[in-house]
Amino acid sequence: KMTQQMRDLQLAQARKPPGPSSPNAAKRLYRNLSGKFRVNYTSFDEGSLAGRGEKEKLRKSYLFQSNAALFEAVELQDLDRVQELLKQYSPEELDLNTPNSEGLLPLDIAIMTNNAPIARALLQAGGKESPHFVSLESRSLHLSTLVREAEQRVNELTAQVVNEAPNTDCSEKEKQLKAWEWRYRLYKRMKAGFEHARVPDAPTNVHLSVASSSSVQVTFWEPLSVNSAVVTKYKVEWSCSPTFSPRLGEAVIDKLKNLHFTIRGLVSGTAYYVQVSAYNMKGWGPPQASVPPFAIPSNWREYDGRAPRRRGQAEALDHLLGQVKTVHQHCVCHEPCKNQPRSRKHSVSKSLKHLFHPGSKFLKMLKRGLYLTAIFYKDDNILVTHEDQIPVVEIDDTYSCLLMQDFLWFTKVSCMWDEILWLRQCVTVSQSSCSCILQTRFKMLLAISQMQGLLGIQDLGQVFFEPVKDKQGNILIVTLKEVKTNQTFESVRWVPICKLQTSRKSVSSPEEPTALDTLLISIQDKLAYHQRSSHALSPGLYLGYLKLCSAVDQIRVLVPERLPNILCHVKIRSNPNISREEWEWLQKMASVEEPIAAEPEAETSQNHLFQELQVAIKELMTLVNIPLQEAKDFRLYSQEVLDFGGQVSFLLLLPPSDDVCTAPGQNNPYTPRSGFLTLPLQIFELGEER
């Protein structure tokens with residue numbers, strides 16, 4: 001079949017005008033030949049093509065040229081051009097896995113010319129080897145045929161050039177001869193590359209770990225030597241026997257961006273052996289057993305049969321809240337509102353129009369008192385009223401000293417923005433007690449309702465971890481919310497933050513700025529805090545540092561500025577699971593009064609965790625600016641592993657028991673110097689939940 005294709009090729013070339021005139025005839029000749037014999041395009045019906053739109057024809061033609069350009073770039077070993085095409089087009093648009101007229105794919109050419117960088121780029125883009133090469137013999141025969149027919153064509157053209165008198169036709173044939181000589185050398189190089197290659201060595205650093213009570217994870221690296229052929233896939237095998245007889249299962253990995261695989265559906269408490277082998281065009285290489293040689297699916301909770309701390313808590317709280325609402329729905333306080341229809345949530349586009357309503361009650365200036373301000377931002381813009389003011393409403397004009405308990409209560413209310421009306425109605429019943437605390441909190445609920453009504457939106461966002469104060473007795477509670485819609489709004493101006501900061505006329509002196517001026521000056525920091533506090537950690541096991549400090553009315557926790565919703569931490573490994581064996585070893589370590597000098601037994605999961613912890617502790621001490629020698633009395637919290645959603649878990653590193661929480665005025669050497677801040681413990685807990 002291949003021979004017939006090459007004969008057709010010769011006849012077609014004889015009927016067509018003379019070939020390309022460039023000195024680098026290989027490029028152009030290949031573009032002409034492959035364009036005519038590309039398998040996906042040899043049977044187009046000219047009539048049907050004519051019936052299609054010109055735009056579609058141009059698009060197909062352009063993609064066809066891109067496919068030819070990819071083959072050309074691979075053959076010329078132009079890595080930059082290959083990467084450019086892979087970035088510009090999808091694999092489907094490039095016909096990445098459609099063989100050309102020679103039965104080859106771009107990955108075949110890259111592999112057989114041993115061009116590892118291009119082969120890796122094609123593999124990561126989803127490139128495959130030609131399905132025609134079902135065996136070593138079929139690949140060898142195919143390459144021999146390509147070499148023989150290219151050689152035959154070279155000989156024919158050479159004879160024609162020698163025998164014909166110099167003319168235009170002769171000049172064109174000389175160029176064709178050069179192109180075929182180049183292709184002949186390419187095929188010979190591919191054939192030699194195939195013949196000299198051997199199967200790859202075994203993968204390296206094959207590490208086995210316990211992923212859960214029913215799964216294990218294997219990670220590995222490329223072989224040290226691929227023996228002149230790029231590895232295109234890996235095979236993971238597992239068994240309950242060290243001899244792998246019988247073999248329980250296998251999986252072939254052909255997506256090589258991340259070299260790891262999780263074996264699922266295993267039996268807890270059963271030992272599983274795993275090995276990994278690599279494949280290139282010469283076949284499968286020898287398998288490499290994992291380290292440790294086996295793993296037993298388990299979880300640290302199986303050590304003492306402990307149930308997850310948060311199991312059912314959210315459901316129980318929802319049920320409890322439902323019960324409370326049921327009890328209160330017949331109260332007198334709800335009678336005035338019983339017949340009122342439930343207010344629907346306004347869309348942001350409609351709600352923002354309220355900012356410019358003539359009857360809005362946003363404040364322009366602050367008097368001595370307690371206020372609520374809501375900051376809505378999008379990119380570098382901030383939402384303001386028609387008078388270029390940040391939305392502010394009054395809570396209490398007689399309240400000049402915000403108690404921490406009231407502020408923390410407000411932060412808890414921020415988790416129930418949708419229930420403000422119900423909360424307000426319930427608090428109304430208790431006003432007869434004339435409690436100052438209840439009066440203040442009722443006014444807070446009123447202010448929230450007013451802000452929601454004026455903005456037409458219920459969710460006011462996240463409360464900033466501390467209020468903004470000034471020396472005139474003004475206190476601002478700040479909420480922050482990012483608007484992520486691309487929608488434009490009528491009658492609403494999004495003002496650039498920098499413009500608002502420069503254009504606003506301050507009514508205070510630089511020495512004693514008002515709370516509003518202070519807010520505007522520091523607004524970038526507050527927005528940065530809000531964005532960073534919503535970031536999530538990547539899956540893995542982390543080592544966290546717990547450090548508290550106490551004040552008269554609160555306890556604060558140390559957090560990094562770059563991620564204030566998480567304790568100071570470093571990553572131990574990507575696998576978040578702690579196995580039963582690892583936890584048992586940690587328990588033994590915690591129960592020994594004197595440090596253990598000897599390491600755990602080699603080639604065990606405990607030894608690997610021991611080494612990972614050593615690295616993590618050193619890194620964490622550097623992060624929090626604590627000399628390593630001062631951390632000799634630190635200890636691991638051995639009561640539990642902190643689980644966050646199943647994908648992130650924490651081991652805690654604690655200072656000596658007397659120094660976990662620093663008292664007011666106490667100088668503690670275990671407090672880092674910069675890059676950190678302290679949050680009220682309740683604020684930190686809310687941020688962690690979010």
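This is a chat about the predicted model shown above.

Visitor: What does the secondary structure of the chain come to?

Guide: The model is predicted, and its chain has 22 helices and 24 strands.

Visitor: How many residues are in the chain, and what share counts as buried?

Guide: The chain has 690 residues, and 47% of them count as buried.

Visitor: Of the contacts between residues at least 6 apart in sequence, what share joins residues at least 24 apart?

Guide: That share is 73%.

Visitor: Let's take a single residue. Where is Thr373?

Guide: Thr373 sits in strand β9, which covers residues 369–378.

Visitor: Buried or exposed?

Guide: Thr373 is buried, with a relative accessible area of 0%.

Visitor: What does the side chain of Thr373 reach?

Guide: It reaches the backbone oxygen of Pro391, at 2.9 Å.

Visitor: Which residues does Thr373 touch, leaving out those up to four places away in sequence?

Guide: Thr373 touches Ile390, Pro391 and Val392, and also Met451, Leu476, Ile477, Val478, Thr479 and Leu519.

Visitor: Switching to charges. How many salt bridges are there?

Guide: The count comes to 15. Side chains of opposite charge can pair when their charged atoms come close.

Visitor: What does Glu195 pair with?

Guide: Glu195 forms a salt bridge with Lys191, and the closest N and O atoms are 2.5 Å apart.

Visitor: How are Glu195 and Lys191 placed in helix α10?

Guide: They are four residues apart in α10 (residues 168–196), so about one helical turn separates them. Glu195 counts as partly exposed because its relative accessibility is 43%.

Visitor: What about Arg573, which residue does it form a salt bridge with at 3.1 Å?

Guide: With Glu582; the 3.1 Å is the distance between the closest N and O atoms. Both Arg573 and Glu582 are buried.

Visitor: And which side chain meets Arg573 at 3.4 Å, N to O?

Guide: The side chain of Glu612 meets Arg573 in a salt bridge at that distance. Glu612 lies in helix α21 (residues 605–623) and Arg573 in strand β19 (residues 568–573), so this pair ties together parts that are 39 residues apart in sequence. Glu612 is buried, as is Arg573.

Visitor: Which residues do salt bridges with shared partners join into one network?

Guide: Glu237, Arg247 and Glu250 are joined that way.

Visitor: On to helices. Which residues of α5 are buried?

Guide: In α5 (residues 79–88), the buried residues are Val82, Leu85 and Leu86. They cover an arc of only 100° around the axis, which puts them on the same side of α5.

Visitor: What is exposed on the other side of α5?

Guide: Asp80 and Lys87 are exposed there.

Visitor: Next, where is Val495?

Guide: Val495 is in strand β15 (residues 494–496), and it counts as buried at 4% relative accessibility.

Visitor: Last one, the surface. Which residues make a nonpolar patch of about 260 Å²?

Guide: Leu317, Leu320 and Val324 make that patch. Val324 is in helix α11 (residues 313–328), and at 32% relative accessibility Val324 counts as partly exposed.

Key
Residues are numbered from 1 along each chain as its sequence is written. This is a predicted model: local features need pLDDT of at least 70, side-chain atom pairs count only at pLDDT 80 or more; totals for chains, interfaces and linings use all residues. Side-chain values use heavy atoms; hydrogens and water are left out. Helices (H or I, at least four residues) and strands (E, at least two) are DSSP runs, numbered from the N terminus. Buried means under 20% relative accessible area, exposed over 50%, partly exposed in between (1.4 Å probe, protein chains only). A polar contact is a pair of N or O atoms within 3.5 Å; within protein, one must be able to donate a hydrogen and the other to accept it, and residues adjacent in sequence count only if both atoms are side-chain atoms. Contact means heavy atoms within 4.5 Å. The arc is that of the directions from the helix axis to the C-beta atoms. Patches are made of residues with over 30% relative accessible area and no salt bridge: like charges are joined within 9 Å, nonpolar side chains (Val, Leu, Ile, Met, Phe, Trp, Tyr) within 5 Å. Accessible areas come from the Shrake-Rupley method with a 1.4 Å probe; for residues, only the protein chains shown count as cover. A salt bridge is a side-chain nitrogen of Lys or Arg within 4 Å of a carboxyl oxygen of Asp or Glu.
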